[in-house]
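Open the model in your viewer and follow the stops below. Each one says what to select and what is there.

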There are 2 protein chains.
Amino acid sequence: MTKKTTEWVMREIRGGVCAPKGFRSSAVAAEIKIPGSDRLDLALVASVVPAQAAGVFTKNLVKAAPVMVSQKNLRSRFVRAVLLNSGNANACTGKQGHLDCLEKTRAVSECLGVRQSNILVCSTGRIGRKLPMKRILPKIPDLCAKLRVGNSLAVARAIMTSDTFAKQSAREVRLTSGTVCIGGVAKGAGMINPNMATMLCVLTTDVLISSPKLRAVLREVVDQTFNRITVDGDMSTNDTVLLLANGESGVAAESESDVELFTAAVRAVCTELARMIVRDGEGTSKVIELEVRRARSDAEARRAAEAAANSILLKCAWAGGDPNWGRILDAVGYSGARFNPDRVAVFYEDVPVVADGVAVDANERAVKKIAARKEFKVVVDLGAGFSDYTVLTTDLTEEYVRLNLSE
Amino acid sequence: MTKKTTEWVMREIRGGVCAPKGFRSSAVAAEIKIPGSDRLDLALVASVVPAQAAGVFTKNLVKAAPVMVSQKNLRSRFVRAVLLNSGNANACTGKQGHLDCLEKTRAVSECLGVRQSNILVCSTGRIGRKLPMKRILPKIPDLCAKLRVGNSLAVARAIMTSDTFAKQSAREVRLTSGTVCIGGVAKGAGMINPNMATMLCVLTTDVLISSPKLRAVLREVVDQTFNRITVDGDMSTNDTVLLLANGESGVAAESESDVELFTAAVRAVCTELARMIVRDGEGTSKVIELEVRRARSDAEARRAAEAAANSILLKCAWAGGDPNWGRILDAVGYSGARFNPDRVAVFYEDVPVVADGVAVDANERAVKKIAARKEFKVVVDLGAGFSDYTVLTTDLTEEYVRLNLSE
C-alpha cells in the first residue's frame, strides 16, 4: 500500500518566464545607457510556436513609441517574441522613435524567421532620447542565437533600471486535464502608481486558452495587483504588462472552474511581482498595506485609499516612524470620499489609534512600535458603506529625493 | 500755480491688519505648544465697530472644530473679533474640541462686551490634541487689554508654525469718494495646495460694502490667489481665509468700477501673501510659476497644471536643477487633459525645450541655466484649445522630507 500524499492545487516553481513549456529567453549588453558598459540591457522572450497574447498598457496620454507599436501588433493574431530594453524609454521621440521600433521588430523577425507584426517591444529608462540603434541592431542576431530555457533571470536583470534586485516568479497549477505553468519577470522602482507607472512585466503560460478569455484574465488580475501599488503617484509613458499563452502544455482552460484556477495562478505570480516592486521602490524604506473599509462605493474606497497612499506628508511621517493618523484623516478627508468624520476609525495592524474620529491616546505607544516596523498594515474604517479597497504603498525618504534630483 | 503730481490709484502701505481704520490687534504667549515657552501663539484681531465678514474654508470633509464654529458664526450678521492660535489645530478633537471653541468665544465676548456669536476662531498646528484650555483662557483678558493699532506684525508672528518669516501686506486704493485700506496677515508653510491647505489668512478693510458683495469679492480673489499655490498637494482640516469690512473709512464700494478697484486691491494683498507662503514652503528651495496654455477647457488647464505642480518626481528634479521636461510631459499626460502629444511645447522662461512633442536639443544648456535659478517660469503649451491656468509651486528637497518625518 502506497502512502497517500495530500494533493496540491497550485505550487511555486522556478524558471520565471521560461517555466512554461515552449518559451525561451536571452539577454545581452547593448551599451544602451552607457557606451562601454557590460550591463545587460537588451532582452528577448520568445515562444517556439505562435502564442495568444494580451496586453495592458499605460493610460497616460503621452505614450512611448513601443507602447503604440505593441498595441498595434497585439491586433495581429499571434505573438512570437517580445524585445525589451532598459536605459532608454524611447518616449517623446516623435517619428524617429516609431521608426526605430519598426526597425527593431524587423530585425528580430528576420532572425527568428517569423512575421514582423508578431513581435512586441518594451522600453524603459530616460524619456526623450533617441534609441542608440547603431548599438542595438548589431546585437539582435546574438540575442536570437542565445535563446535558451534557462535565461529568465538574465531577462529580469536586463530590464532593471533603478531596481536593486531582479524580479521573477512562477507557479504551476493543476487544471482538470493536467498541469500548466505561469511565469513572469518584471521591473519597477520609481514612478510606480495605480495604473502601473514605469513598470514592465512579461508573463508567459503554456495553457491552451482562447484569446478573449486570456484578455479578460489579464485585465482582472492587473486591476487586482499592479493597479493597487503606488510609490510616488506618477504614471509613466511606458507601462506595459504582457501575457503570452502558447498552449504547449496541451492542457486547456475552458470550464469556468479551470479558468478560475488559472486566473488564481496568474494572480499569484502578479501579486508576488507587485510586492517585489513596492518593496524595491526607489529610495523607500517601508512597505505599508493601506486598506480603506466601509466606504460608500468601490470608487470612493479607491479614492480614499489612493489619496492617503500618495500623501507626501503621510509618507514622510511613515519614514520617520510616526503613525501620524492626523495626516491619514486629512488625506481621506480631501479624497472626495463621503463619510461622517465622527465615525471614522483608524487601526495600525489590530490596534485602534482613532475611534469615532478622535484619538485613542492609550494606544499611542503600541502604535508607535508598529509604525517603526519595515512592513505594517493600516486600516481606515470610514463606517459609511460596504466597499473596501487595499493598496500597497511606501514611505518617502530623503534618499528618494536624492535619487530623483536628476536622472 | 501748484505742480500737478501723477495721481496714484493703489499703493502699498504699512500696518498689515491694522492699516484699515478701526482695527486693533494683539498677541501673547500662551504656551500652547510648549509649556514654559515665551513664543507668541495666541492672537486677536478686533474691529471697534461690528464688521461685515466673509470667509472661505477648507473643502476637506474632516474639518477642525474652529472651522465649523467660524462658519456658523459668520451667519450671525456681524463679526467683532477673530481669535487665532498656533501650536494646536484643534482638529479631530470631537465634542471637546467644539466645546473648547465655544469656551474661547465666550471668554473673548465677555472681555470685549460683544456677542459670543460675533467672534470667529482659527487654529493651526498639530492635529488630534486637545487644546490646553487651562493655559489659553487665563490669557484672554490680557489679549483683549493689549489690543492696539500697531500690533499686526505680532499677530503675523503668533500664527506662524513652521513658517520662517511673518507674512503681512496692506494696500490703499482710491475709490470714487475717497480712499480705503486693505490689510492682511497669513501663515502657510507645509500642506499648501490648491484649496488652501493648512493656511490661515485674516484680511481687514475699512470700506463700506454690502455683505453679498464682500463674499463675492473674497471668493473671486481666493480662487485667483490662494487656490493657485501648492507645496505638497495636501489640503488641511483648518484652512481659513477671512475678510472683515467695518466701513470705518466712510467710503463705499457700490459702483461696479469701485467694486472692481476694491477687488484689485484685495487681490494685490492676497497675491503678495500667497507668494510669501510659497516662497516659505517647508524645506523648499525654489519657486516655480507653472503655466499651462491652450488647454481644451479651464478645467483641463487646471488639471494639467496641478498634476505637474504636484508631481513628486518633477519637484525632485527641480530641486536638483534638472529641467526634466520628460517628467513634465508625463504628468500632463496622466492629468486627464486631452491634447495631441505631438503638438506639445514646453518652455523654461522663453526658451523652448520641447517643440511638437520632441526635445529641442540645442537649448539644453540654456534651459539648465534657468532651472538652476531660485525662481523661474515653466510654460506647457498643449496646443489644444484656448484655456490657460497658472499655479505657483515649489521643488521637493531632502530638507522637506527631514522636516516632515514627524511633527
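pLDDT is the predictor's confidence in each residue, from 0 to 100. Colour chain A by it: the average is 91, and 94% of the residues score at least 70. This is a predicted model, in which local features need pLDDT of at least 70, side-chain atom pairs count only at pLDDT 80 or more, and totals for chains, interfaces and linings use all residues. Residues are numbered from 1 along each chain as its sequence is written, chains are lettered from A and ligands numbered from 1 in the order in which they are written, and side-chain values use heavy atoms, with hydrogens and water left out.

Select residues 191–197 of chain A. Here pLDDT stays under 50. The model has 50 contacts (heavy atoms within 4.5 Å) for this stretch beyond four places in sequence.

Now show both chains. The model scores ipTM 0.75 and pTM 0.82.

Next, the interface. Of chain A's interface residues, 100% are also interface residues in chain B, so the copies meet through the same surface.
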